[in-house]
Amino acid sequence: MSGNKNRNRKRHHCGQKPEKFKPGEKSILLIGPPNVGKSVFFNYFTGLEASVGNYAGTTVEFSRGRMAIRGFQYDLIDVPGTYTLDATNPAEKVAVDMLKQRPAGIVCVLDANSLESGLYLLYQVLEFKLPTVVAINRSDLARERGYLTDFNTLESELGIPVIETVALTSQGLEAVREKIFSAPVSSEPLPEVSSQRWERAEKIAGKAQKIKTSRSGETKRQKLDRWLTNPWPGLPLAVLILSFIFAIIIGLGMGLRQYILLPFFRGLVFPPLIQGVEGIIPPGIIRDILIGEYGFLIKGLEWPLALVFPYVLSFYFALSVLEDSGYLPRFGILLDGIMAKIGLRGSNIIPLLLGYGCAIPGILGTRALESKKERIMISTMISLAVPCISQSGAFFALLAEVSILVVLALFAFSILAMFVAGLVMDRLLPGKRMDTVLEIPELLFPRPRFLGRKVLMRIKGYIFNGAVPMVMAVGIASLFYETGILVFVGRILSPLIEQWLRLPQEAAVPLVLGIVRRELAVLPLVEMGLSQTQLLVGAIVALFYVPCIAVLATLAREFNLKIAALILLVTVATAFLTGGLLARILELIF
Amino acid sequence: MKIAGIEPGMRVMQVGCGPYPFSAIMLAEKGCRVEAIDNDPIAIEKAGEVLEKLGLKEKIDLKLIDGYEVEYGEFDRVFVAMHVEPKDRVLQKAISEMGGKGKVVFRNPRGLLKLFYSGVQLKKLPSPIFSRIKEKLGKESLCISSCRVKNLTEAGFGEELIIKSVPAHPLLPALGIRPGKKVCLKGRQYFNGPFLALVDGRKVALGFDLAQLIEVQGGE
């Protein structure tokens, strides 16, 4: 009966783009708490072919891939991490629903370092009477801490296979694959209510795990952790780390662009391209569209690949290092007190940081938040004042040659604007601030193998979702430019551009293009020979201006049209207001 | 009201209810059995009319009596309004009579309001402050408990403590924050930022408001 209902629901939602999926009898579920290393299991079993989908009728995302067991193919599903199955949040509800679809088997990944609450989750899973194998992961870390686990006792108490694993080094993972199908359905009588479950979990954990804390001072890892999570020296260290990251992003990006990509395109790609086009197509409007001032073949390749791509690469490298090391939650709690001033939580820093890559993952990253106020606030802040990496790349190209200080000032201004926007929205929107409850995962040294994979996936995302639309947008722009439409628009907008913003009339080009993509509000300014004041004004307007068409579509889908329209209005109004005011203030100073 | 941990069915005393007994009404709506007192006959009369209009007459007991003449023994929570005088005597009496389980919430003036109302000097309190919330318009609410437990925000670094009680929050038990568990405070942040606690092998960041509601006791 429930299957029928779900099928209807599926049909109901099929107009939406993201893949919808329900597990069936050919599926294996990977279940466990957050931060336990489930995704490492997933990557090991499925290899590179994995897809991310939405669970039918929800916004909860999960990964799915093919896994071979004894020559048969199964769907391995990485269920969103849950501490319990009490169904108190969207992820838990999805996990429960997936279990109800009766998959072929379950791999329950638990943490050797917090066995007791892991067993509580396991007892909830066992209630579904499915073949289950238990992997006790991170056992190396537990041993380092003096937690001695007796896996035989655990196995006999639970009546199902229990395997010791260290996923990062692949230890025990083949045994997990081996045992999935020898796994019986547990015949032990199960505790029925929550308090009994805790009692049983406590008893078994106590029996199977002895804690021998050798008080020989703190380990290096603990010491570093203490440094990073306390205000002193955590806050200065955070400033240091962020400056270092910022320097890496700009330095690495600029180096790549200046010494490898620009010479490559200008020296090797463009000359034969121009020659070829000149050979085939006679002078005129079509040739200009292809290789003229906004030539589709020239700017369409140079902007996304030579100007922006290097920063995309360096940004995602830096972000992935931060993510994999476990630093982000620590940074989050350092900022929690300040974020509280605008009604947000420290952990909200993660979607905001994602927004510096691209606004869309940032906005989607707010889905897991229970409070709608938080979601709208963060999405608005990202749309208004967080430049995506393409736009940041364009800012670097535009401003770094003037002075690196101007770039820093621009970013400082964007953070200030976010804070002000947060303050205003916190007053205007109804709803209370949520309590901070956040597990701080262990600090880890990022593994190059996983890091490389992550960066690669993100680069792939940029090429298909970022670079290709950018090329097309440049194509349309060059069509408009060469046919004179842009000049016409420029004349209409001239009171706004020339008198209010004090920019040359050509600046209509970035303003029109900027509607399509954020960085296109910046890039055309590069070759206009603007004065320093004009550069700054142009950059500020571009920063706050329309948050690109794809982002508006995402906002409309995630919330509704009204909210998307409101955010658009706020961003455009802020852009012209601050731009005009800044033009006047700078005029007074210089 | 949040810091007192109100639950339906509790017996609550409101000292100094005034002509418009808002606190008493809110408590009654949460399902508490409320007794509201004031030593001003006019206030009690007005309050009676208000309750009649709201149809809450059965739920709230009004009495004309002084705060230091009441027997506090049978109450679970006592709320003392800001204008009650002499506040410290009322607090002393309430705490000593309520025994181990009760809590007293009172309001102190801040800033300009100090000119009009007297505050209780914190050093003179009969038991430690359990939690404290600053409110708008120059007031603050303080909660003191009649037994010697403290909340997590008062714990010292590295002190091994046992959790006594935990507020209802779906994530807390799963993260190992349950009564009877060992907890150790590892760090705190500026600007009333979160507290870092080590429980069940996990490091958990707990917001200030939540940490205030977690009661702890010294270990063995």
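## Pairing across the two chains

Two strands pair if DSSP finds at least two bridges between them. In this predicted model, strand E11 of chain A, residues 437-440, and E12(B) are joined by four bridges and run in the antiparallel sense. One bridge can be followed residue by residue: A:Val437 has B:Leu206 of E12(B) as its bridge partner.

Strands of a sheet pair through backbone hydrogen bonds, either parallel or antiparallel. Here the pairing is antiparallel, in an open sheet of seven strands ordered E11(A)-E12(B)-E11(B)-E10(B)-E9(B)-E13(B)-E8(B). Its edge strands are E11 of chain A and strand E8 (150-151) of chain B, each of which pairs on one side only. Helix H13 of chain A, residues 327-340, packs on the sheet and touches E11 of chain A together with E12 of chain B. The direction of H13 makes about 140° with that of E11(A).

## Pairing within chain B

Strand E9 of chain B (residues 160-165) takes part in two of the pairings described here. With strand E13 of chain B (residues 215-218), E9 forms four bridges, and the two run antiparallel. In that pair, B:Ser165 is bridged to B:Glu215 of E13(B).

E9(B) also pairs with strand E10 of chain B (residues 182-188), in the antiparallel sense and over three bridges. For B:Ile162, the bridge partner in E10(B) is B:Lys182.

## The contact between the chains

The contact takes 26 residues from chain B and 27 residues from chain A. On the side of chain B that touches chain A, helix H4 (171-174), strand E12 (202-206) and helix H5 (208-211) of chain B each supply at least two residues. E12(B) gives the most, with five residues. By class, this side of chain B has 13 nonpolar, eight polar and five charged residues.

## Helices H10 and H12 of chain A

Helix H10 (residues 231-280) and helix H12 (residues 296-325), both of chain A, have axes that come within 8 Å and cross at roughly 155°. Angles over 145 degrees count as roughly antiparallel, so H10(A) is roughly antiparallel to H12(A). The crossing of H10(A) past H12(A) is right-handed. The residues of this contact comprise 25 nonpolar, two polar and two charged.

H10 of chain A also contains A:Pro233. The peptide bond from A:Trp232 to A:Pro233 is cis, with omega near 0°.

## Helix H24 of chain A and its partners

Helix H24 of chain A (residues 561-589) packs against helix H22 of chain A (residues 532-544) at an angle of about 165°, with their axes 8 Å apart. That angle makes H22(A) roughly antiparallel to H24(A), and their crossing is right-handed. From H22(A), the residues in contact are A:Thr533, A:Leu536, A:Val537, A:Ile540, A:Val541 and A:Phe544. Those they meet in H24(A) include A:Thr571, A:Thr574, A:Ala575, A:Phe576 and A:Leu582. By class, the contact of H22(A) with H24(A) has 10 nonpolar residues, five polar and one charged.

Helix H16 of chain A (residues 372-385) also packs with H24(A), at an angle of about 40° and with the axes 10 Å apart. H16(A) and H24(A) are therefore oblique to each other, and they cross in a right-handed way. A:Ile376, A:Thr380, A:Ser383 and A:Leu384 of H16(A) make the contact with A:Ile563, A:Ile567, A:Val570, A:Thr571 and A:Thr574 of H24(A). Five of the residues in this contact are nonpolar, four are polar and none is charged. In H24(A), A:Thr571 and A:Thr574 are among the residues that meet H22(A), and both also belong to the contact with H16(A).

## A loop residue with positive phi

A:Lys129 sits in the loop between helix H4 (115-126) and strand E7 (132-137) of chain A. A:Lys129 is not a glycine, yet has a positive phi of about 55°.

## Confidence

The model scores ipTM 0.73 and pTM 0.72. For chain B, the mean pLDDT is 77, and 80% of the residues reach 70 or more. Where pLDDT is low, the predicted coordinates should not be read in detail.

Definitions and conventions
Residues numbered from 1 in each chain as written. Chains lettered and ligands numbered in written order. Predicted model: local features only at pLDDT ≥ 70, side-chain atom pairs only at ≥ 80, totals over all residues. pLDDT = per-residue confidence, 0-100. Axes fitted to C-alpha atoms, helices over the stretch in contact; angles between N-to-C directions. Parallel < 35°, antiparallel > 145°, perpendicular 65-115°, else oblique. Left-handed = near helix turned anticlockwise from the far one by under 90°. Nonpolar A, V, L, I, M, F, W, Y, C, P; charged D, E, K, R; others polar. Contact = placed C-beta atoms within 7 Å.
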